[in-house]
Amino acid sequence: QDGRTVGQNNGELSASINFSQSPNFNDWEDSSDSTNIPTLLFPSIEFGGRYGVAEKVDLTLRMNTNLNLGLGAKFQVVGDRESSFALALGAELGTFGLISGLWNVQVPLYLSVHPTENFAWYLNPRYIYQFSSFAGAENGLSYTGANTGLLFGNRNKFGLDIGYYRIGTNGESIGALQIGFGGRFAFGNN
C-alpha cells in the first residue's frame, strides 16, 4: 500500500499473487543453528479491500488462499489524496488458518512518493508479532522488515512488490523473502 488513504465513503478492492518464503518451523525447533534452517517457498492469492470511514482513516481487510485473515486500520498523517508525498500509520490484527489459534499483530508505516498520478514508489516498514493462543504470547515470533514496490496507473493501479523480513525468537533469526504482483481497483470518488 502507498501512504494515501482512499477518502471518506470511497473504497478499493485488490487482488494479488504472491510467492513467500518461510522457515520450516518444525526444523527450526529441532535445530540449534538457525542459519541452517531450510525454508519453504509457496504461492498464495490474496484479496483485500479498504474503505474510507473518514477522509484520512481507512479500514482494511485482507484474506488469502493460505486461510490468513487480517483486519486493520490506516491513518494518514502527512499529505492528502493528491499530495506527492504521503505518510500513514497502520495497525492490523490477523490470524493464520482461521482456526489454528495462530495470531499476529502488525504495526506498519506507509510511505509513498507520487511524482505523477500514474506512478508511485512506496516503502512499508513493518513489525509483526506472531503468537499462538494455545502456547501463549510469551512464546511468539517477531518479524521485522519492509515491503517496497512500484504502482502504475491512474484510478486503477497495478504493481510489483518485494519484501524482506527477519523472523526471530530467543535471539535467533532467519531471513524470508516475498514477491508479489497485483492490482487495486477503486470505487467511489477516489
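Partly exposed means a relative accessible area between the buried limit, under 20%, and the exposed limit, over 50%. L67 has 47% relative accessibility, so L67 counts as partly exposed. The model described here is predicted. A search of the whole structure finds 9 salt bridges. The second largest pocket has a volume of about 310 Å³.

**Residues with positive phi**

- L67 is not a glycine, yet its phi is positive, near 65°. L67 sits in the loop between β3 and β4.
- N9 is another residue other than glycine with a positive phi, about 65°. N9 belongs to the segment before β1. Its relative accessible area is 51%, so N9 is exposed.
- G79 also takes a positive phi, near 85°, in the hairpin of β4 and β5.

**Strand pairing**

- β4 and β5 form an antiparallel pair with 9 bridges. The hairpin they make has 6 residues between the strands.
- Across this pair, L69 stands opposite T95 in β5.
- β5 also pairs with strand β6, residues 102-116. That pairing is antiparallel too, over 10 bridges.
- E92 has Q106 in β6 as its bridge partner.
- In a regular strand, side chains alternate between the two faces of the sheet.

**Salt bridges**

- D2 and K74 form a salt bridge, with their closest N and O atoms 4.0 Å apart. D2 lies in the segment before β1 and K74 in strand β4, so the pair ties together parts that are 72 residues apart in sequence. Both D2 and K74 are buried.
- E46 and R62 meet through their side chains in a salt bridge of 3.5 Å, N to O. E46 is in strand β2 (residues 39-54) and R62 in strand β3 (residues 57-64), so this bridge ties together parts 16 residues apart in sequence. R62 is partly exposed, at 27% relative accessible area.
- E55 and R81 are joined by a salt bridge of 3.0 Å, N to O. E55 lies in the loop between β2 and β3, and R81 in the loop between β4 and β5, so the pair ties together parts that are 26 residues apart in sequence.
- E55 is partly exposed, with a relative accessible area of 38%. R81 is partly exposed as well, with 23%.
- Salt bridges also link residues into a network: D2, E12, R50, D58, K74 and R184.

**The second largest pocket**

- Rolling a probe the size of a water molecule over the atoms shows where empty space is left.
- The second largest pocket has a volume of about 310 Å³. It is lined by 17 residues. The closest to its centre are R4, R81, E117, K157 and N190.
- The lining divides into 10 charged, 5 polar and 2 nonpolar residues.

**The largest nonpolar core**

- Seven residues make up the largest nonpolar core: I128, L141, Y143, Y165, I167, I174 and A176.
- Three strands each supply at least two residues of this core: β8 (136-152), β9 (157-169) and β10 (172-187).

Note on methods: Residues are numbered from 1 along each chain as its sequence is written. This is a predicted model: local features need pLDDT of at least 70, side-chain atom pairs count only at pLDDT 80 or more; totals for chains, interfaces and linings use all residues. Side-chain values use heavy atoms; hydrogens and water are left out. On a 1 Å grid over the protein atoms alone, a cavity is a set of points where a 1.4 Å probe fits but cannot get out, and a pocket is an open set with protein on both sides within 12 Å along at least five of seven lines; lining residues have an atom within 4 Å of a point. Grid points are joined across faces, edges and corners, and a volume is the space filled by probe spheres set on the points. Ala, Val, Leu, Ile, Met, Phe, Trp, Tyr, Cys and Pro count as nonpolar, Asp, Glu, Lys and Arg as charged, and the others, Gly among them, as polar. Helices (H or I, at least four residues) and strands (E, at least two) are DSSP runs, numbered from the N terminus. Buried means under 20% relative accessible area, exposed over 50%, partly exposed in between (1.4 Å probe, protein chains only). Two strands pair if DSSP finds at least two bridges between them. A nonpolar core is a set of buried Ala, Val, Leu, Ile, Met, Phe, Trp, Tyr and Cys residues joined through side-chain atoms within 4.5 Å.
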